[in-house]
Amino acid sequence: MQTKIAETLRLLRIQKGLTQEALSKELNISRQVYSYYENGKRLPDLITACMLADYYHISLDKLVITGLRPKPVPPDKLFEDLLPEHQKILNAYQRLSPEDQKCLRSYLEFLDKKEK
């Protein structure tokens, strides 16, 4: 996880066109400490991580866990956190043609309105 934070911080700083020196002054932390964050030698504490996420206008989980380029989820893992019967429905939906998916969505909307 430390490398994800380091990689994300480096990419965000470069995107802003800032040096470590300029950014550390703006954030009121030492350049050496910020360099440690970017090089994976040190993790920011929670308050600093929140400050960095706020500064870059990204969520804390994006800074810490997923980074800027989250890994794609393999198709067979898309629904693994769902109940088995829900997985079955969604997998069947994915196998339908676009036209049949549209028909099914229309039918579900009809059923939803009927229940109200």
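Begin with the cysteines: the structure holds zero disulfides, a disulfide being a pair of cysteine sulfur atoms within 2.5 Å. Select Cys 50, which is partly exposed with a relative accessible area of 36%; here buried means under 20% relative accessible area, exposed over 50%, and partly exposed in between (1.4 Å probe, protein chains only). Cys 103 is also partly exposed, at 47%.

This is a predicted model, in which local features need pLDDT of at least 70 and side-chain atom pairs count only at pLDDT 80 or more, while totals for chains, interfaces and linings use all residues. Residues are numbered from 1 along each chain as its sequence is written, and side-chain values use heavy atoms, with hydrogens and water left out.

**Helix H3 and its tyrosines**

Next, select helix H3, residues 31-38; helices (H or I, at least four residues) and strands (E, at least two) are DSSP runs, numbered from the N terminus. Its buried residues are Val 33, Tyr 34, Ser 35, Tyr 37 and Glu 38. Display the side chains of Tyr 34 and Tyr 37, which lie three residues apart, about one turn of the helix. The structure holds three aromatic pairs. In one of them, the ring centres of Tyr 34 and Tyr 37 are 6.4 Å apart and the planes stand at 75°, so the pair is edge-to-face. By the rule applied, rings of Phe, Tyr and Trp (its six-membered ring) pair if their centres lie within 6.5 Å; planes under 30 degrees apart count as stacked, over 60 as edge-to-face and the rest as tilted. Tyr 34 has a relative accessible area of 0%, and Tyr 37 one of 5%. Just after H3, move to Gly 40, which takes a positive phi of about 75°.

Arg 13 is buried at 11% relative accessible area, and Glu 38 is buried at 7%.

The structure holds two salt bridges. For another, select Glu 21 and Lys 25, whose side chains meet at 3.9 Å, N to O. Both lie in helix H2 (residues 20-27), four residues apart, about one turn of the helix. Glu 21 is partly exposed at 36% relative accessibility, whereas Lys 25 is exposed at 62%.

**Ala 49 in helix H4**

Proceed to Ala 49 in helix H4 (residues 46-56). Ala 49 is buried, at 7% relative accessibility. Leaving aside residues up to four places away in sequence, Ala 49 touches Pro 44, Leu 60 and Leu 63, contact meaning heavy atoms within 4.5 Å.

**A nonpolar patch**

Finally, switch to a surface view and select Leu 96, Leu 104, Tyr 107, Leu 108 and Phe 110, which make a nonpolar surface patch of about 460 Å². Patches are made of residues with over 30% relative accessible area and no salt bridge; like charges are joined within 9 Å, nonpolar side chains (Val, Leu, Ile, Met, Phe, Trp, Tyr) within 5 Å. Accessible areas come from the Shrake-Rupley method with a 1.4 Å probe, and for residues only the protein chains shown count as cover.

Key:
A salt bridge is a side-chain nitrogen of Lys or Arg within 4 Å of a carboxyl oxygen of Asp or Glu.
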